[in-house]
Amino acid sequence: MTAPTLPFTCEKAPASGAGGVVVTNHPLGSAAGAEMLSAGGNAVDAAVASLLALTVVEPMMVGIAGGGLSHLRMAGGPHLVIDALSTAAATMHPEIYEPVSEDPALYMEAKDRRNLVGASAVAVPGNLAGWCDMHARFGKLPFADVIEPAIRLAARGFAVTYYLSGAIAEHAGDLLTDPAMAKVLLPEGRAPRPGERLVMGDYAASLRLIQTEGAAALHGGALGAALAERMRTGGPDAGYVTLDDLRAYRPMDRTPITGSYRGFQIAGPPPPASSGVHVTQMLNLLEGYDLRAMGFGSTDSLHLLAEVMRLAFADRRAHSGDPAFVDVPVDRLTSKAYAEATRPQIRPFGASGPAQPGHESRDTTHITVADRDGNIVTATHTINGLFGARFIVPGTGIIPNNYMSNFDPHAGRALSVVPGKRVPTSMAPMLVLKDEKPVYALGLPGGLRIFPSALQAIVNLIDHDMTLQQAVEAPRVWTQGQEVELEDGLAAQKSGLEALGHQVKLVPHIGGGMNAISFGETMTGAACWRADGTVLALGGGLARPGVRFWPDKAPEGEEESAAG
């Protein structure tokens, strides 16, 4: 069968290797992971090394004082999601912020931006605790080796990318108000130019302390004490996170949500993540249609995708939450029967609904890693907003999260602030299997656009027979029930969708840089144009046992055993 002609051209190339594949959204993040695989480590060693390195080279996206999810499938074993999402501190309560408005556009904003910028925006972090827990249980190499690439990058410096330079320039106004932040990221009062070197000496020292003490350095030790001290500003911008909060934090093990689609098994994170539930829900709805016959990027297929997203977001608003506080009807939402019952709600003509309240930062990072033994990690982690709370803890180089901006600042609502609560997240570190064997692992950053973008990649692979590279780079569509966003690569369908009643907005990109790995005779990694995504794949390996550079120098009798 001839492959269909697609209305786009890939900008990047994949890479394949039998020895392992590391894909992250920065070349130095991928290099750190590949270094671990080369040293005999496994996918968990590589994943943790990559994530720690990304806290240095992608400081706007991820840090040890953030939160996220790691989806593991160890060779021959079950799936596991390690939930390291940030939580509300023990002294927080529903009235800690003064809401600005009930208007959907301003609904999530608080007076003086107290839930967005500064100490009052910081939630109890989980990233470092989650990474150390994951490595302690499943890694092979010493943790001191795994953190070393990050220390090296922070101490010796690295070349600033266009991506990082632009992010610093975009938020220079906020960053310059914090002396510690300005000293590191704007040393001359301006954003570093692409190619200039950025050194993080204080952060290197913090990483060296973590190298010795592990997560305890932050969750009860000197780094945690410094963070807690920075919370005590003595003013209205004071924070809530204490050393006791940091000591009490624990990552959680969660069982992934599993569904099926046209003979494939789909596995994704459970609540408080949206992806496992709502990707399964949307695939169940799509299973009743012949997307292959519609063709990729056609008006009919884009309309259908927009409709199933609309239904999924309606259920997300009604039911999502931390399962410790909210009863999420997972079984009902993910059932084939529910899809049958709701499929009649897919309209033949679209109509833009009212604007919906809600906020989730688009500034995140993602990694996908696999090793030669069949271990896989797909993980999404963040400090939430770009540069988190936009300050650095003095003397540590640590940029805290601003996760409190994801809570509803209004009291008495489903997502209101409650001590210990985790907010819902759109993070979608996903795995696709066939006959219980992994076929694809993927994920991306991008806030509310994450799980609908992951859905489209799965559809691209299964329904449209795309290569992995095509699937991650393909132009995307997104809506939560109001206007429909189209990437520029689908601009030709704007008028067709408008004729079907949709209000359409063309945008440069939807979601962030997806990266993925496919599994078959070998492993292939792919990263898309929406970030600095880089694939590193290992081939080759060690010499055949018994081989010496000079065969005649081999110990007597070894040549015979090698030949035999």
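Which residue forms a salt bridge with Glu287? In this predicted model, the partner is Lys336, and the closest N and O atoms of the two residues lie 2.6 Å apart.

**View 1. The salt bridge between Glu287 and Lys336.** This pair joins distant parts of the chain, 49 residues apart. Glu287 belongs to the loop between helix 11 (275-286) and helix 12 (291-294), whereas Lys336 is in helix 15 (residues 336-342). Glu287 has a relative accessible area of 27% and is therefore partly exposed. Lys336 is likewise classed as partly exposed, at 36% relative accessibility.

**View 2. The salt bridge between Asp253 and Arg137.** The two side chains meet with an N to O distance of 2.7 Å. Arg137 is partly exposed, with a value of 37%.

**View 3. A network of salt bridges that includes Arg190 and Glu196.** The network links Glu188, Arg190, Arg193 and Glu196. Within this group, Arg190 and Glu196 form a salt bridge in which the closest N and O atoms are 3.1 Å apart. Arg190 is partly exposed, its relative accessible area being 23%. For Glu196 the relative accessible area is 28%, and this residue too is partly exposed.

**View 4. Salt bridges across the whole structure.** A search of the entire model finds 24 salt bridges. Among them are the pairs Glu287 with Lys336 and Asp253 with Arg137.

Conventions. Residues numbered from 1 in each chain as written. Predicted model: local features only at pLDDT ≥ 70, side-chain atom pairs only at ≥ 80, totals over all residues. Heavy atoms only, no water. Salt bridge = Lys/Arg side-chain N within 4 Å of Asp/Glu carboxyl O. Buried < 20%, exposed > 50% of the residue type's maximum accessible area, 1.4 Å probe, protein only. Helix = DSSP H or I, 4+ residues; strand = E, 2+ residues; numbered from the N terminus.
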